[in-house]
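Q: Could we go through the charged contacts of this model? Please start with a single pair.

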Amino acid sequence: MSEAATRSRTVPLDDGALELQWSEVTHRGRRRDTNQDAVLAEYPLFVVADGMGGHIGGEIASASTVDRLRAVATKGDVGPKAIEKALARAVSDIASHPETTDEGTGTTVTGVYLDLSGPEPTWVTLNVGDSRVYLFRDGTLAQVTTDHSVVQELIAAGRLSPEEAENHPYGNVITRAIGPSDGVSPDYVRLEVLDGDRFVICSDGLTKELTDYGILHFLLQHDDPTEAVDDMLEAALENGGRDNVTIIVLNARRTHAGDAPIDSSTDDA
């Protein structure tokens, strides 16, 4: 189902290497006329953007955001300062289309990047909106990002259970977005880099149709990222496909000096 096969990159570290494998897929879904999601999976930055806004406003918002972040990834200088500068430029891009965008136009932006600027490599997640980053580690799946949504605020306040939230009438209402009426400061979470880490970065078109347990099931079933994203997408479509669906699966294998050698292939994109 995916147009692209799994890509790989070996990143040399002071004490060994990090072998990355990833794949991404985006789909209109079964009920939407257009796909307002956009995806960026270019080392060292992996991002999903879910646009919102009438007509083609959402497409402009998500595409502008991904295009601006792609330039950051290409330079390789990925960090909060560069990301926020790119997002500010994306907001200007969105506002420069007044005929198709308005105050309700915007996009989520959610993802993870590899930070090699410190003494130890780290992952850093970024998030604005209700797309999500999950981390599979030690056999368990955990949601790393916190949704910026009305429903999440109700859950945090103890006024709504996660089960009640699934069918809440305000389930689609987000409280922060990249757009003319919002700022451009994501939430960041820093994580250590461990051997065997796997990330799932996805728009809510996946999580509307697939539970966390369902996502975990497909990760356990498929080591290969392309097989994992394809099966998750197929399940989301079978379960209704009510929204656009975008998924990235990123695998990391860390080796230390003295370990068995690993394939030193570079990014074959």
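A: Glu24 pairs with Arg7 in a salt bridge, with 3.2 Å between the closest N and O atoms; the term requires a side-chain nitrogen of Lys or Arg within 4 Å of a carboxyl oxygen of Asp or Glu. Glu24 belongs to strand E2 (residues 16-27) and Arg7 to strand E1 (residues 7-13), 17 residues apart. Strands are DSSP runs of E with at least two residues, helices runs of H or I with at least four, numbered from the N terminus.

Q: What are the model and numbering conventions?
A: This is a predicted model, where local features need pLDDT of at least 70, side-chain atom pairs count only at pLDDT 80 or more, and totals for chains, interfaces and linings use all residues. Residues are numbered from 1 along each chain as its sequence is written, and side-chain values use heavy atoms, leaving out hydrogens and water.

Q: Is Arg7 buried or exposed?
A: Arg7 counts as buried because its relative accessibility is 9%; buried means under 20% relative accessible area, exposed over 50%, partly exposed in between (1.4 Å probe, protein chains only).

Q: How many salt bridges are there in the whole structure?
A: The search finds 15. One of them joins Arg68 and Asp93, at 2.8 Å from N to O. Arg68 is in helix H1 and Asp93 in helix H2, so this pair ties together parts 25 residues apart in sequence.

Q: Which residues form a network of salt bridges?
A: Arg32, Asp204, Lys208 and Asp243 are linked in that way.

Q: Changing topic, which residues of helix H6 are buried?
A: In helix H6 (residues 212-221), they are Gly214, Ile215, Leu216, Phe218 and Leu219.
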